[in-house]
Amino acid sequence: MSTLAVSGLTKTFGGVHAIEDLSFEIRAATVHSIIGPNGAGKTTLLNLLTGVYLPNAGSIRLDGRELTGAPVHAFAAAGIGRTFQNLQVFFNMSALDNVMTGRHLRERCGLLPALLHTPGLARAERESRECALGLLRFLGLEAYADACADAMPYGALKRLEIARALAGEPRMLLLDEPAAGLNPTEAAEIAGLIRRLAESGTTVVLVEHNMRLVMGVSDHILVLDYGRRLSEGTAAQVRDDPRVIEAYLGAVDTRVAGHA
Amino acid sequence: MRASSRADARRAWWWATPRSGGIAALGLVVAVLPLGFANGYFYDVAIQAGLNSIICVGLNLLIGYAGQISLGHAGFFALGAYGSALLAARYGWPPSLALVTAVAGVALVAYCVGRPILRLKGHYLAMATLGFGVIVSIVLANDDRLTGGPDGMQVPPFALAGYVARSDHAWYAIVGACLLAAVWLAQNLVESPTGRALRALHTSEVAAAIAGIDCPRHKVNVFVVSAVFAAAAGGLTAYYAGFITPSSASFVRSVELVTMVVFGGMASTFGAVVGATVLTVLPQALTVLKEYELAVFGALLMATMVFLPRGVVPTLSGLLQRGTR
């Protein structure tokens, strides 16, 4: 059971406190959403949780294992996968190769076997290919398998990033605005996918502005504002928290807030 | 269904994509080519083209696939050449053992140089590799007790198990076989998890690292592999020519190698072979133009980059694929 424990996390850029003394825990096999107004520090937090940024203070532990300060690929090896808000697809590869690259941690990457194309490597490549094709099918992308990524539509690329992240069989998957730019039908498909992942035992951390999606799938929601925890709890608890309403809509007359 | 039929269609372009077909075709070309050779001069140009191709196939792994620049690969070439020459000439080592030892030594040098400088990106990496190349060329030119200085040094002929390679035919066969081996190794690497890792870190180092790819390790590995290819070609060149000078490590030579890779097509092993061959043969063919030779050569290079921006092989094979779809 993977549990992510964050304590006292702080990240500053110059004088700006992007994340300030933040502590929380994420339980295994749940859907944990992080929401907040623009600039609240959500993407900064994901970058800290994946090792892309080095925190100024605080610690990140996965199952009690200290990850703070480790290189990005070590976070990945510990079982943390993610997608990006602004696509980071490998545009110089086919969709299939993108997903196979996501399997890097599950592949043998010795230099000599690669140069000599040993039978063992050839076998592993076939297995890897089958697995990647399975994931493309799972995300409804099988038609694009051999298409170059730069020829794929936006919605398909969003799902391709998810397929690539899943290929590494992460224990915890961080999704940065997976529904941004998608139509309601596609967003509903993403919601279904997130539920299925959580049921299969993968912990999902979701950063998203689509509130219908967030409220529908989350077991637990963390609300950030100015890099601090504003509120935390189930969808219903967070929805009724006056501080959250204030942060999103500005200071509201208590009478109006009562009706909201 | 659609995806698999498209894959089949692409597989039909065996010469443009991959391993088995492409190498068989290259082997055929190497075997048939001498039928059109009128004299030893043709063999000499073909051997030079083959040796340059070996370097460029390796350099393309670094530049074309991993997206890391090197303006110092002539340095590795020269170290391979001088290493082989020194061990064979001054210490009397068997030439083949001297060659293998020199290449191994260069691999070690490349690892030690690559570890710190591959943290750099873009122009800074270009400057650092350039610096390395310049240092090698200065050392070779000035340590005249060992290397003979700017005058160069004699190299004994290549011999293996009692057989001494002297004729053009023998050298053509040796270089041809080495080129095929180089292409085979490079294509194997490209189509392995390591090859995907290199292409991935070329596009987005963050996304590659998130996928679990240890970017610094893979960069250093491919740097070493490309240096090994250059050093092996350097050793062969020394034995073939029988004489080497420090100019083999010059900056101009490094730039020439990068030009060959870019001209033939980045991220295309066969493009590297085409680029190296064309840019080796073309100056020879243009000598009939006498004083206009360099101007025409430059104009051809510019025209190619304007009209075939991705390099000769990728642009042409892309056009052909689109034409048949």
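Biologist: In this predicted model, what kind of crossing does α5(B) make as it passes α11(B)?

Modeller: For handedness, you ask which way the near helix is turned relative to the far one. Here α5(B) and α11(B) make a right-handed crossing. The axes of α5 (residues 95-117) and α11 (residues 215-241) of chain B come within 8 Å and cross at roughly 145°.

Biologist: Which residues of α5(B) and α11(B) meet there?

Modeller: On the α5(B) side, look for L99(B), V103(B), V106(B) and Y111(B), among others. Their partners in α11(B) include F223(B), V224(B), V228(B) and Y239(B). Sorted by class, the contact of α5(B) with α11(B) has 16 nonpolar, two polar and one charged residues.

Biologist: Now the two chains. How many residues of chain A are in contact with chain B?

Modeller: Count each side separately: 33 residues of chain A are in contact with 27 residues of chain B. On chain A, the elements giving two or more residues to that side are α2 (72-77), α3 (95-102) and α4 (111-116). That side of chain A divides into 18 nonpolar, nine polar and six charged residues.

Biologist: Let's zoom in on one residue. Why does N56(A) count as partly exposed?

Modeller: You count C-beta neighbours: 20 or more means buried, 12 or fewer means exposed. N56(A) has 15 inside 10 Å, so N56(A) lands in the partly exposed class.

Biologist: Where is N56(A), and what is N56(A) in contact with, leaving aside neighbours within four places in sequence?

Modeller: N56(A) sits in the loop between α1 (42-49) and β4 (57-62) of chain A. With those sequence neighbours left aside, N56(A) is in contact with T10(A), K11(A) and T12(A).

How values were computed:
Residues are numbered from 1 along each chain as its sequence is written. Chains are lettered from A and ligands numbered from 1 in the order in which they are written. This is a predicted model: local features need pLDDT of at least 70, side-chain atom pairs count only at pLDDT 80 or more; totals for chains, interfaces and linings use all residues. Axes are lines fitted to C-alpha atoms, for helices over the stretch in contact, and angles run from 0 to 180 degrees between N-to-C directions. Two residues are in contact if their C-beta atoms, placed from the backbone, lie within 7 Å. Ala, Val, Leu, Ile, Met, Phe, Trp, Tyr, Cys and Pro count as nonpolar, Asp, Glu, Lys and Arg as charged, and the others, Gly among them, as polar.
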